[in-house]
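Here are a few exercises to work through with the model open beside you. Try each task before you read its solution.

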Amino acid sequence: MRLEGTYTAIVTPFRDAPGQPIDWDALDALVDAQIAGGITGLVPCGTTGESPTLSHEEHGKVIERTIARAKGKAQVVAGAGSNSTREAIEMAQHAERAGADAVMIVVPYYNRPTQDGLATHFVTVARSVKLPVVVYNIPGRTGSDLLPETLARIAEAAPNVVCTKEATGNVLHAQKIVQTMGSRMTVLSGDDALTLPMMAVGARGVISVTSNVLPAEVARVTRLALEGAVPGNWDEARRAHLALLPVHEAMFVEANPSPAKAALAMRGVMKDVVRGPLAPCSEGARKAVAAALEAYGKGGR
């Protein structure tokens, strides 16, 4: 399986009703819009999908629904992470049974395991399935940083660990992985604003928040960068990336995915509903999101 290009960390739409049930029609429409926009794949039930607020039943159904809707049209990398190794195994095995193309396993959060603990966690989960495994490193949310040398140990012990989503905010971190592991480990940017800098040192794409709102535009940047050997493509990728920067920044003006959901609600795609402890965007944040999208639409590209 080739993991490169643009993968959308899709939001989970909720209805504005008692209990905030999942809006399945809105999820279907979102998946369809992503595919029409030319993205490579979908990543349901990650951080952007508010996975900590989903019940196990809901988590499983979102994975199944996304796979059924995208089958044959886009890859599905199912979010299956947990701060419990046993629970991560159960989620990964469910994703495999459901027909996912790969699973994404986040660094365990809150527990703050040692590097040895992290290695054991990922190897144990990876060995429980045959699917390709994407490691998700986001120390700002988990409290633990998976070091490049630990990732190398994991890859040696578990051959199906083939990709890492690097959301460290540190290009040097991604660069070190590319330098030391080469083609053995695919690096995907986990920060929209750093996609092109990471691709300049060897990353192969992005798992994006912004592509929820602008799938074709984000996909165009990674496509141009991957075709960088074609004269003019890298320059055009840089122009397109820089034009998107204000939108990338607006998507994180408050806690993700509140800004992305606000943007999608402005476009009538879904209700502007997040589950607690998140809150909908403040008025100031909403204005910042609207202004960034309006400026981009008027010629920011």
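**Exercise 1. Find the loop that holds Arg-112, and say whether this residue is buried or exposed.**

Step 1: Arg-112 sits in the loop between strand 4 and helix 4. Helices here are DSSP runs of H or I with at least four residues, strands are runs of E with at least two, and both are numbered from the N terminus.
Step 2: With a relative accessible area of 57%, Arg-112 is exposed. The cut-offs are under 20% for buried, over 50% for exposed and partly exposed in between, using a 1.4 Å probe and protein chains only.
Step 3: Look at the backbone too: Arg-112 is not a glycine, yet it has a positive phi of about 55°.

A word on the ground rules: this is a predicted model, with pLDDT of at least 70 needed for local features and 80 or more for side-chain atom pairs, while totals for chains, interfaces and linings use all residues. Numbering starts from 1 along each chain as its sequence is written, and side-chain values use heavy atoms, leaving out hydrogens and water.

**Exercise 2. Describe how helix 1 packs on helix 2, and how helix 3 packs on helix 4.**

Step 1: Helix 1 (residues 24-36) and helix 2 have axes 10 Å apart, at an angle of about 45°. Axes are lines fitted to C-alpha atoms over the stretch in contact, and angles run from 0 to 180 degrees between N-to-C directions.
Step 2: Helix 1 and helix 2 are therefore oblique to each other. Under 35 degrees counts as roughly parallel, over 145 as roughly antiparallel, 65 to 115 as roughly perpendicular, and the rest as oblique.
Step 3: For helix 3 and helix 4 (residues 115-127), the angle is about 30° and the axes are 9 Å apart. Helix 3 and helix 4 are therefore roughly parallel to each other.

**Exercise 3. Find Arg-97 and decide whether it is buried or exposed.**

Step 1: Arg-97 is part of helix 3.
Step 2: Its relative accessibility is 64%, so Arg-97 counts as exposed.
Step 3: Now go 32 residues along the chain, to Val-129: the C-alpha atoms of Arg-97 and Val-129 are separated by 9.7 Å.
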